[in-house]
Amino acid sequence: MRAFETALETDPAVAPSAALRRGRAIVITSGKGGVGKTTTTANVGAALAARGKRVALVDADVGLRNLDVVLGLESRVRHHLLDVLEEKVALETALVRDKRNENLYLLAAAQSREKEDVDTVQMKALIAQLCETFDFVLIDCPAGIEMGFKNAVAGAHHAIIVCTPEVSAVRDADRVVGLLPADWRPELIVNRLRPDLVRKSKMLSVADVNDILRLPLLGVIADEPGLIVATNKGEPLAYDAASTTGAAYRAIAARLDGEDVSAPTVNTEVGLFGKIGAWLGGRA
Amino acid sequence: MSARRIVITSGKGGVGKTTTTANLGAALAKRGHSVVLVDTDIGLRNLDLVLGVEKRIVFDLVEVVEGRCQVRQALIRDKRFESLSMLPAAQTREKTAVSEEAMVRVIDELAEMADYILIDCPAGIEHGFRNAVAGAREAIVVTTPEVSAIRDADRVVGKLTERRMPLRLIVNRIRPEMVKSGDMMSVEDVCQILSAELLGVIPDDEEVIDTTNRGEPIVLDDTKRLAAIYMKIARRLEGELVPFTNLESPNLLKQFFTLWKAG
């Protein structure tokens with residue numbers, strides 16, 4: 001745990017900083033699918049907006065969009081990313097305002113198009129334009145490392161890596177870190193942690209995960225069935241004042257916003273997984 | 001010999017394609033079939049980890065396609081089942097290193113060596129998806145009972161239907177207690193939305209995380225409830241009519257109270 005705390009203190013990206021002059025574009029990525037990128041994007045975005053920041057969420061998963069569903073905005077989407085890139089509508093027209101927070105906006109992905117219909121130059125220009133009017137632009141990256149990934153990363157200044165405590169997710173996350181610009185310092189969110197399983201050595205601990213990835217730890221989200229329900233209902237838990245998961249998202253938002261909150265803590269650092277080190281050693 | 005060529009796909013990532021591929025493959029091998037598993041997730045391979053063969057990889061799919069080795073040389077035989085082998089994906093290359101035509105050639109060649117070829121598809125519907133589907137003649141769509149997974153699966157079902165590919169559904173990670181409380185979609189709901197035939201229902205089981213991390217498909221352990229479920233799916237795949245497992249907890253007291261309340 002100590003290593004991450006030091007990393008958090010020394011990383012300028014999370015250190016308390018002067019007011020941001022322009023928006024910060026952050027891509028939320030993972031390599032592996034289904035680890036919680038979209039849920040993270042929605043919740044961190046909602047928590048930042050609740051702090052009074054102007055936030056734009058961009059769904060870069062052309063063809064398999066889901067951010068609209070998680071935010072409960074699917075029936076309000078009328079235009080999408082490609083409409084803007086192809087200059088069919090103005091950016092302001094395509095943005096959908098959140099039902100609960102007027103600081104939060106969504107730019108939906110096209111559902112019936114392909115990721116190859118977008119290129120990195122267009123994405124860069126679009127994200128730069130959003131950064132002029134928003135404090136934070138969060139880009140929800142598709143799974144994989146194909147064209148959709150390249151597009152999602154193109155306009156970003158910073159990355160958040162979402163990873164679950166599973167060997168396959170860690171391996172994919174490690175691969176993605178290697179594909180990001182070398183001067184970035186991506187931050188890590190460990191998602192779906194089950195402290196009970198970690199205690200029984202049936203799940204990797206946060207320390208195990210970060211032994212491999214070695215990234216500044218931005219947050220830890222415990223697995224809870226309530227998250228599935230909230231996602232299905234389109235109500236981000238970050239808005240739920242009583243939810244501990246919501247509180248974890250709010251702490252992540254505070255850290256991103258430069259507030260000096262204490263490092264994420266988990267009281268389950270007992271995992272001893274030799275295997276993960278073994279496969280790293282055997283990796284090409 | 002000409003194998004059945006089945007792609008395991010989903011649209012959404014993390015719903016259990018790789019775990020399903022490994023376990024179904026092991027189940028078919030356990031039932032005496034010769035099976036080849038193909039990992040098409042170039043750059044983000046994981047099937048090797050789930051099978052616990054990651055240290056035995058010498059050649060990979062891309063090297064086969066580029067003619068640097070024979071398909072047979074790249075195949076890794078499972079330690080536990082002689083009739084189960086896998087063709088790993090390349091880790092440091094891009095999905096575009098393989099074309100659909102090349103994929104068909106590799107699968108055609110493998111089809112002469114086995115009864116079943118299971119192709120583990122990457123997440124998404126990009127180049128990697130098209131490659132994985134190219135060599136297949138039938139598909140298994142894996143989904144979880146979540147709105148986002150079903151929406152993605154629907155998109156994939158559409159793409160497979162366009163290709164006139166027969167498909168069946170595996171609903172993964174179902175939690176009967178949440179279905180009961182109305183917090184999770186039921187299997188019937190999922191099948192209805194996707195209008196697809198059901199091949200199997202797999203309950204959410206925390207043991208899968210551990211067995212996956214250790215590289216030991218859960219099918220290997222006959223005492224596990226999921227092992228029996230995967231074996232049944234294998235039999236259904238072979239064409240047998242096998243009734244679906246009742247996932248409700250066999251808690252008689254609870255059943256009594258439910259009846260009592262209902263009565």
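**Talking through the interface**

Modeller: Let's start where the chains meet: the rule picks out 8 salt bridges across the interface of chain B and chain A. Bear in mind that this is a predicted model.

Colleague: What makes the pair R171(A) and D48(B) a salt bridge?

Modeller: The cut-off is 4 Å from a Lys or Arg side-chain nitrogen to a carboxyl oxygen of Asp or Glu. The side chains of R171(A) and D48(B) come to 2.7 Å, N to O, so the pair qualifies.

Colleague: How many residues does each chain bring to the contact?

Modeller: Chain A brings 47 residues and chain B brings 43. To count, heavy atoms have to lie within 4.5 Å.

Colleague: And what area is buried between chain B and chain A?

Modeller: About 3900 Å², with 49% of that coming from carbon and sulfur atoms. On the chain B side, E126(B), R151(B) and N213(B) give 19% of the area that chain buries against chain A, more than any other three residues.

Colleague: What ipTM and pTM does the predictor give the complex?

Modeller: An ipTM of 0.87 and a pTM of 0.88.

Colleague: Which stretch of chain B has pLDDT under 50?

Modeller: Residues 250-263 of chain B, with 4 contacts beyond four places in sequence. Chain B as a whole averages 93, and 94% of its residues score at least 70.

Colleague: What about chain A, and where does its pLDDT stay under 50?

Modeller: Over residues 267-284, where the model has 40 contacts beyond four places in sequence. The chain A average is 87, with 86% of residues at 70 or above. Residues 1-21 of chain A are also below 50, and they have 30 contacts beyond near neighbours in sequence.

Colleague: Which residues lie closest to the centre of the second largest pocket?

Modeller: That pocket has a volume of about 330 Å³. Of its 17 lining residues, V187(B), E188(B), V201(B), T245(B) and L247(B) are the closest to the centre. By class, the lining has 10 nonpolar, 3 polar and 4 charged residues.

How values were computed
Residues numbered from 1 in each chain as written. Chains lettered and ligands numbered in written order. Predicted model: local features only at pLDDT ≥ 70, side-chain atom pairs only at ≥ 80, totals over all residues. Heavy atoms only, no water. 1 Å grid on protein atoms, 1.4 Å probe; cavity = no way out; pocket = protein on both sides within 12 Å on 5 of 7 lines; lining within 4 Å. Points joined across faces, edges and corners; volume = space filled by probe spheres on them. Nonpolar A, V, L, I, M, F, W, Y, C, P; charged D, E, K, R; others polar. pLDDT = per-residue confidence, 0-100. Buried area = accessible area lost by both parts, 1.4 Å probe.
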